[in-house]
Amino acid sequence: PTIMVVGLDPVSALHLKAMELCGLYSASLGQLQATAPPIPLDGPDASAAAPDCCRSEADDFAASIVRIHREIDGLIHEVEAADVPEELQLRQIEALHAENASVTEQLREQVHRAERVRQSVRRDLDQLLTSMDEDGGKA
């Protein structure tokens, strides 16, 4: 499956294409391993079977890999050609830092809430176990 990169900044598009390429390499190797017939490692049958084994599948995968590499080359040229003023880059970095600080604070609040819930559950569980021990001792 081809990952569409329309509307993304060049760096994000490049990242997605690189991930697509990695996925294709992995899928290609897996598919070739799954479909290839067993070939003996030595003997007269080894050299005779190897050249034709999975040739059409390998050619299809190679064509897909070359296509994605060409798309990545184009994205690399886009990244290199992007002339973003330093002031804009600094503003973007500051905005990302502010967003990171906000998300970090939200995460801290959620961790504190989770800790309070954990302590409450632990306290209730301890009370329940103590109560069960006391009831078990009376019987």
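A contact here means heavy atoms within 4.5 Å, and that term runs through several of the views below. This is a predicted model, so local features need pLDDT of at least 70 and side-chain atom pairs count only at pLDDT 80 or more, while totals for chains, interfaces and linings use all residues. Residues are numbered from 1 along each chain as its sequence is written, and side-chain values use heavy atoms, with hydrogens and water left out.

View 1. The protein chain holds 4 helices and 0 strands, and from the N terminus on its elements run α-α-α-α. Helices (H or I, at least four residues) and strands (E, at least two) are DSSP runs, numbered from the N terminus. Confidence is given as pLDDT, the predictor's own score for each residue from 0 to 100. The chain averages a pLDDT of 84, and 83% of the residues score at least 70. Of contacts between residues at least 6 apart in sequence, 59% join residues at least 24 apart.

View 2. Let's start with a residue in helix α1, Ser28. Is Ser28 buried or exposed? Ser28 counts as buried because its relative accessibility is 5%; the classes are buried for under 20% relative accessible area, exposed for over 50% and partly exposed in between (1.4 Å probe, protein chains only). Leaving aside residues up to four places away in sequence, Ser28 touches Phe61 and Ile65. Ser28 and Ser64 are 36 residues apart in sequence, yet their C-alpha atoms are 9.7 Å apart in space.

**View 3. The largest nonpolar core.** Which residues make up the largest nonpolar core? They are Leu21, Leu24, Phe61, Ile65, Ile68 and Ile72, 6 residues in all. Helices α1 (10–35) and α3 (55–81) each supply at least two residues of this core, and the largest share, 4 residues, comes from α3. A nonpolar core is a set of buried Ala, Val, Leu, Ile, Met, Phe, Trp, Tyr and Cys residues joined through side-chain atoms within 4.5 Å. Zooming in on Leu21, its contacts are Ile65, Ile68, His69 and Ile72, not counting residues up to four places away in sequence. For the chain as a whole, 10% of the 139 residues count as buried.

**View 4. The Arg67–Glu71 salt bridge.** Arg67 forms a salt bridge with Glu71, and the closest N and O atoms are 3.0 Å apart. The criterion is a side-chain nitrogen of Lys or Arg within 4 Å of a carboxyl oxygen of Asp or Glu. The two residues are separated by about one helical turn because they are 4 residues apart in helix α3. Arg67 counts as partly exposed, at 32% relative accessibility, and Glu71 is also partly exposed, with a relative accessible area of 28%.

**View 5. The Glu87–Arg91 salt bridge.** Here the side chains of Glu87 and Arg91 meet in a salt bridge, at 2.8 Å from N to O. Being 4 residues apart in helix α4, Glu87 and Arg91 are separated by about one helical turn. Glu87 counts as exposed at 54% relative accessibility, whereas Arg91 counts as partly exposed at 45%.

View 6. The side chains of Asp126 and Arg122 meet in a salt bridge at 3.5 Å, N to O. Both lie in helix α4, 4 residues apart, about one turn of the helix. Asp126 is partly exposed, with a relative accessible area of 34%, and Arg122 counts as partly exposed at 46%. Elsewhere, salt bridges that share partners join Lys17, Glu20, Arg67 and Glu71 into one network. How many salt bridges does a search of the whole structure find? The search finds 7.

**View 7. A nonpolar patch on the surface.** Leu125, Leu128, Leu129 and Met132 form a nonpolar surface patch, with about 370 Å² of accessible area together. Patches are made of residues with over 30% relative accessible area and no salt bridge, with like charges joined within 9 Å and nonpolar side chains (Val, Leu, Ile, Met, Phe, Trp, Tyr) within 5 Å. Leu128 lies in helix α4 (residues 86–138) and counts as partly exposed at 46% relative accessibility. Accessible areas come from the Shrake-Rupley method with a 1.4 Å probe, and for residues only the protein chains shown count as cover. The accessible surface of the protein chain comes to about 11,000 Å², of which 59% belongs to carbon and sulfur atoms.
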